[in-house]
Number of protein chains: 2
Amino acid sequence: MDLTTEITSGACPKVCSECAAREISICRVLPHPGLRQMADVAATKTYVAGETIAFEDDSAHHVFNITDGVVMLTRLLSDGRRQVLGFLFKGDFLGLAQGAEYGCSIHALTTVRVCRFPTSVFRRFLLQTPELEEELLSRASDELRAAQTHIMLLGRKTATERVASFLLYMAEREATLGGSPDLAFLPMTRADIADYLGLTTETVSRVVSALKRQRVIQLLPHSAVRIADHAQLLNASAGR
Amino acid sequence: MDLTTEITSGACPKVCSECAAREISICRVLPHPGLRQMADVAATKTYVAGETIAFEDDSAHHVFNITDGVVMLTRLLSDGRRQVLGFLFKGDFLGLAQGAEYGCSIHALTTVRVCRFPTSVFRRFLLQTPELEEELLSRASDELRAAQTHIMLLGRKTATERVASFLLYMAEREATLGGSPDLAFLPMTRADIADYLGLTTETVSRVVSALKRQRVIQLLPHSAVRIADHAQLLNASAGR
DNA sequence: GTGAGATCTTGATCTGGATCAATATGCCCA
DNA sequence: TGGGCATATTGATCCAGATCAAGATCTCAC
């Protein structure tokens, strides 16, 4: 370990030095006094699997850094039909798409740890911190492209293509967090996956079974999936 | 007219004082020296209806303000299936979702006038202009919520609900540009609408005919649609 | 005006994925 | 270690919207 790192971590607020997402959250761009300011208004919080963190028409009092676990965003139609808008992982920022209300319900799929900021304070801080503004803009841009990919999937892909794309996406997320690119954990239910892909649980289940039969994937314990034939799966996904 | 306005418009770069989107484009937040700097690197350009402004894997050399007309963004799968990602109107900024490539093809549906900036210059300028950064972040947030609404539509709405939602959306955009909230112009073909809604031309046509038969809408010349029964259409749309 | 290609509408039929209906396989806790 | 409820799988049937197939109606160049 070099001296710089030692000094840095020494000067760093405790809540940050202990943060599992320290180097991949938006905070990584903050200069030191900024980090301290943020830490002063931050509250860490843990949610248990299955817990609803917020409802879609709750006032958006907070923005969040996901420091561990998997979060799911959903929207409902008045008759109860549900769409899963996306999943968030360690290092992701939650709050980019917020208006006065959250606009979507926020659910903990696993034990979730967050670092939470009051929206008003965060906004004020944002105005004084161009580095953070740039970081958020860059993340918003990434999310916008991800949303477009989701739109393409829902508008034009077949059931098989959707499931294949989803498995590749989950494995990719796994990989960016340091895991194997051929292993995906699926902490969500088949119903969640179906609502993400615009399908039913039965269809998701059938496609997964078919891919397993064709030995493109293997189902492992604890809802893990091994991608046995990456090329085949990519082929079945019809691209981004 | 008060004195402030007079001085402002007098000092304003010619290209900006002549701009039809002056008060609704991102430039409205720029301080005076900033506006001049922007104007210095801006190029106005006109595209004819049907023209492709850029292809999805072109290098993203420019960002654009749409100063007049309607723009359509599309993405293709390798086998030619097409998804329309969205439409842009006067005052909209194009470039938020861009990476090294545009990521989607850009089409002029009508005569389109743009104010175009080289991406590299724009990025550099952005770093010096927090007002602009805030404005872009706010627009990115709006677009993200719009994308979520599109995702909900594609994932969970029926054909009728999709078409009804689309007509309401177009009328709303019309209204924000100063038109009637019960009148929508549809400069795109049925195929474009179908590719936006994840349907076929035939289905779009059938639903439009049905809504016309039920006297919820009227079709006027020049691809205009009058919303005759706003409440019914809203009802048919199943909400946002 | 006129005519030729594009776009739109309407009808007949088909089909991918939904719906309905049993099992089966977890997984948690006593 | 087993019992009970969630979740998942698999099968049978159905149907909303796709596909296939004509016509009808625009639109714009000449």
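The surface near DNA strand D divides into 4 nonpolar, 9 polar and 4 charged residues. This is a predicted model.

**Surface near DNA strand D**
- DNA strand D is surrounded by 17 residues.
- The closest are A:Thr189, A:Arg190, A:Ser205, A:Ser209 and B:Thr203.

**Contact between chains A and B**
- Chain B puts 32 residues into the contact, and chain A puts in 32 residues.
- On the side of chain B that touches chain A, strand S5 (82-88) and helix H5 (130-156) each supply at least two residues.
- H5(B) gives the largest share of that side, 18 residues.
- That side of chain B splits into 15 nonpolar, 10 polar and 7 charged residues.

**Helix H9 of chain A**
- Helix H9 (residues 230-237) of chain A has these buried residues: A:Leu233, A:Ala236 and A:Ser237.
- Seen down the axis of H9(A), the buried residues fall within an arc of 100 degrees, so they line one face of the helix.
- An α-helix has 3.6 residues a turn, so residues three or four places apart point the same way.
- The cover over the buried residues of H9(A) includes helix H6 (159-176), strand S10 (217-220) and strand S11 (224-227) of chain A.
- A:Ala238 follows H9(A), and its phi is positive, near 60 degrees.

Notes. Residues are numbered from 1 along each chain as its sequence is written. Chains are lettered from A and ligands numbered from 1 in the order in which they are written. This is a predicted model: local features need pLDDT of at least 70, side-chain atom pairs count only at pLDDT 80 or more; totals for chains, interfaces and linings use all residues. Two residues are in contact if their C-beta atoms, placed from the backbone, lie within 7 Å. Helices (H or I, at least four residues) and strands (E, at least two) are DSSP runs, numbered from the N terminus. Ala, Val, Leu, Ile, Met, Phe, Trp, Tyr, Cys and Pro count as nonpolar, Asp, Glu, Lys and Arg as charged, and the others, Gly among them, as polar. A residue is near a molecule or strand if its C-beta atom, placed from the backbone, lies within 6 Å of it. A residue is buried if 20 or more other C-beta atoms lie within 10 Å of its own, exposed if 12 or fewer, and partly exposed in between; C-beta atoms are placed from the backbone. The arc is that of the directions from the helix axis to the C-beta atoms.
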